[in-house]
Amino acid sequence: MTTGHIHVTTDLIAQVEQAEIEAWTDFYSAAGAGASRALGIAVSTNPSETITLASRLDILAFNRVLGLGLIVPISRETLERITLTYKRAGVPRFFVQLSPPVVTDEVSRLLRANGFSHYNNWVKLCRDVAPVPPLETSVVVDEITKSQARVFSRILVDSFDWPRALCPWIESAIGRPRWRFYLAYHKKRAIATAALFVSGTVGWIDFASTLPDARGKGAQAALLRRRIEDARRDGCRTIIVETAEQTRDREAPSFRNMIRYGFQTAYVRPNYIWRNIEQQD
C-alpha cells in the first residue's frame, strides 16, 4: 500500500495501532479510584476492539473505540454492543477510528446503518529515529518525575482548555513504566509538555501542549528532538504521532511541524461519530 509519502505495510499499520492501544489502555488503567469516579473512566479490550470511556467528559479524544475491525470483522452485533456500552455510561457522543485495512464501502454502509456518520480525519505520521539537527532556541527540556506532575497536568489542561478535573488522572500516569514525560522551560518558566510511550520498537508520542502565551519559542521542536533521542536509546526504530488533517479549509499547525521535522504521512484514519439523539433531545 502506498500513500504517496511512505510505503505502508499491513504489519506497520498493526504495529502503529497496537502501540496506541497499549498507550491509551495503560493511561486509562493508571487512573486512581477518585479520578475514575469523578470522570467516569473505564477501558476494556477484547479481540474486536478497545473501548476508552470518560463518561463525565464530553471530549471525543477521551471517548473513542480503537482497533475496531483489525482482528475481528466489524458486524452489526459488535456495533450494537459498543453503542450500548456508551449509552449505558451516559456518553453523549463518541468516535470509532478505522485504519486503512478496515475502511471499505461495506463497513461505511454498516456504520451509517447503525447511526454513525463520518466526522473528520486524523493523520498518522511516522519517522525513523535519526537525530534532529541542533535547534536555535533558548528553551530547555527536562524529563520529569512525579514531583513535577502537577505542573505538567496544569499546562496540558490549560493549553487545551480542558477542565482541571482531569489533572489527577494525568498525574497518575507520570512515573509509570514505558512512559517518559517532559517539560520545556523558557527562562526557567515551564511552558510546554510532551510524552513518549515505548511499545517494542515503536515510540508513540502525544500529550504535546504549549501555553498560549508561550507559543512560537521552539518548545515543541525541542521536545520532539529530545523524545526522538530518548526513543532511539530505548531501542525504538520508528516514532509515530497523530495530528488533525491538513486540508484546504483547515490549517493543522501540528501536522506542518511534524513534516518539518522529518515525519511522513503513513495513513489517514477516518473518525466516525455516534451521537445519542435521545440524550440531546
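Predicted model: local features only at pLDDT ≥ 70, side-chain atom pairs only at ≥ 80, totals over all residues.
Biologist: What makes the protein chain agree with a compact globule?

Modeller: A compact globule of 281 residues would have a radius of gyration near 19 Å, and the protein chain has 19 Å, so the two agree. Along the principal axes, its C-alpha atoms fill a box of roughly 55 × 45 × 35 Å. Of the 281 residues, 52% count as buried. The chain exposes about 13100 Å², and carbon and sulfur atoms supply 50% of that area.

Biologist: Why are strand 7 and strand 8 said to pair?

Modeller: Pairing needs at least two bridges between the strands. Strand 7 (residues 179-186) and strand 8 have 8 bridges, in the antiparallel sense, so they pair. One example is Leu183, whose bridge partner in strand 8 is Thr193. The hairpin of these strands has 2 residues between them, and Lys187 there takes a positive phi near 50°.

Biologist: How do you know that strand 8 and strand 9 pair?

Modeller: The cut-off is again at least two bridges. Strand 8 and strand 9 (residues 202-210) have 7 bridges in the antiparallel sense, so this is a pair as well. Phe197 stands opposite Trp204 in strand 9. These strands also form a hairpin with 2 residues between them, and Gly200 in the turn has a positive phi of about 65°.

Biologist: Is strand 8 mostly covered or mostly open?

Modeller: Strand 8 (residues 189-199) is mostly covered, as 10 of its 11 residues are buried.

Biologist: Why is the contact of Arg64 and Glu20 called a salt bridge?

Modeller: The term requires a side-chain nitrogen of Lys or Arg within 4 Å of a carboxyl oxygen of Asp or Glu. For Arg64 and Glu20 the N to O distance is 3.3 Å, so the pair qualifies. The pair links distant parts of the chain: Arg64 lies in strand 3 (residues 64-66) and Glu20 in helix 1 (residues 10-30), 44 residues apart. Both Arg64 and Glu20 are buried.

Biologist: Which residues are linked with these two in a network of salt bridges?

Modeller: The network links Glu17, Glu20, Arg64, Lys124, Glu242 and Arg269. In total, the structure holds 23 salt bridges.

Biologist: What makes Glu77 and Arg76 partly exposed?

Modeller: Partly exposed lies between the cut-offs of 20% for buried and 50% for exposed. Glu77 has 46% relative accessibility, so it counts as partly exposed. Arg76 has a relative accessible area of 43%, and therefore belongs in that class too. Their side chains meet in a salt bridge at 3.1 Å, N to O.

Biologist: How do you know whether Asp128 and Arg127 are buried or partly exposed?

Modeller: Arg127 has 11% relative accessibility, and buried means under 20%, so Arg127 counts as buried. Asp128 has a relative accessible area of 45%, so it is partly exposed.

Biologist: Why do Asp128 and Arg127 count as a salt bridge?

Modeller: Their closest N and O atoms are 3.7 Å apart. The limit is within 4 Å, so Asp128 and Arg127 form a salt bridge.

Key: Residues numbered from 1 in each chain as written. Heavy atoms only, no water. Buried < 20%, exposed > 50% of the residue type's maximum accessible area, 1.4 Å probe, protein only. Helix = DSSP H or I, 4+ residues; strand = E, 2+ residues; numbered from the N terminus. Rg over C-alpha atoms; globule rule 2.2 N^0.38 Å. Areas by Shrake-Rupley, 256 points an atom, 1.4 Å probe, with all protein chains shown as cover.
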